[in-house]
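Here is a short report on helix packing and charged pairs in one protein model. The sequence and structure come first.

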Amino acid sequence: MIYTWAADVAPLLDPIIYEAYYREVPQWRQEKADRIRFSEDRALSIGAYVLYQKALRESGLSTEMCFNLSHSGHYVLCSIADEKEKRTGCDLEKIGTPGMKVARRFFCSSEWQYIREQESGEEQTEAFYRYWVLKESFMKATRFGMKLPLDSFEIRLKDEGAPVLVRMPEHIRGNFISTNTHRKRKDFLPLYVRKTRKLMICCGG
């Protein structure tokens, strides 16, 4: 199972609140945040790790378990696997103008065709961001990240049901599944967040 937590870190934009949480994280994380130029990004860095620490306390999981962090705007996301053999990647993206040029150039031809065949601009945007969070969560779960070409693996979307990983890079082993649910619930993010963002969690073992 993959356990997932989300949080709004906007309160950390208050310097007093930020300082209080800053003191809770390890020195290496403090130093990482100190190197970040903008206060909003420093709040994300500290907030994401505080959420990870909270997730460990609530779940009772070990720091040896694979975990992954993501953020979008002032929201952060944390996913932790419950077994050492499992890998996980998560992605949270704010819906905006879809990168159609990116999809045409870097996605698989079947994925680009699926996006292009959607009837309205809104449906194309929906399809693009579904693919984007699927691809990024998979790449993070493999631990190759952006070193993995976007067209080196292929995902098939269906109008109903879960997406299917139909082709995987030859050098990657294991089984991977993706979901946007948590403990069989689709509403662990507030409704207004779910309407403006796409979320995906990938698990591999």
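The model is predicted. Helix H2 spans residues 27-34 and helix H3 spans residues 39-59. Their axes lie 8 Å apart, at an angle of about 160°. Angles over 145 degrees count as roughly antiparallel, and H2 and H3 are therefore roughly antiparallel to each other. The crossing of H2 past H3 is right-handed. H2 contributes Trp28, Arg29, Lys32 and Ala33 to the contact. H3 contributes Arg42, Ser45, Ile46, Ala48 and Tyr49. By class, this contact has 5 nonpolar, 1 polar and 3 charged residues.

Now the charged pairs. The structure holds 6 salt bridges.

| Salt bridge | Distance |
|---|---|
| Arginine 23 – glutamate 19 | 3.5 Å |
| Lysine 54 – glutamate 58 | 2.7 Å |
| Arginine 167 – glutamate 154 | 3.5 Å |

Where does the arginine 167 pair sit? Arginine 167 lies in strand S6 (residues 164-167) and glutamate 154 in strand S5 (residues 154-156), so the pair ties together parts that are 13 residues apart in sequence. Arginine 167 is partly exposed at 35% relative accessible area. Glutamate 154 is buried, at 19%.

Lysine 54 and glutamate 58 both belong to helix H3. They are 4 residues apart, which means a separation of about one helical turn. Lysine 54 is partly exposed at 36%, and glutamate 58 is partly exposed at 48%.

Arginine 23 is exposed, with 63% relative accessibility.

Key
Residues are numbered from 1 along each chain as its sequence is written. This is a predicted model: local features need pLDDT of at least 70, side-chain atom pairs count only at pLDDT 80 or more; totals for chains, interfaces and linings use all residues. Side-chain values use heavy atoms; hydrogens and water are left out. Axes are lines fitted to C-alpha atoms, for helices over the stretch in contact, and angles run from 0 to 180 degrees between N-to-C directions. Helices (H or I, at least four residues) and strands (E, at least two) are DSSP runs, numbered from the N terminus. Angles under 35 degrees count as roughly parallel, over 145 as roughly antiparallel, 65 to 115 as roughly perpendicular and the rest as oblique. A crossing is left-handed if the near helix is turned anticlockwise from the far one by less than a right angle, and right-handed if clockwise. Contact means heavy atoms within 4.5 Å. Ala, Val, Leu, Ile, Met, Phe, Trp, Tyr, Cys and Pro count as nonpolar, Asp, Glu, Lys and Arg as charged, and the others, Gly among them, as polar. A salt bridge is a side-chain nitrogen of Lys or Arg within 4 Å of a carboxyl oxygen of Asp or Glu. Buried means under 20% relative accessible area, exposed over 50%, partly exposed in between (1.4 Å probe, protein chains only).
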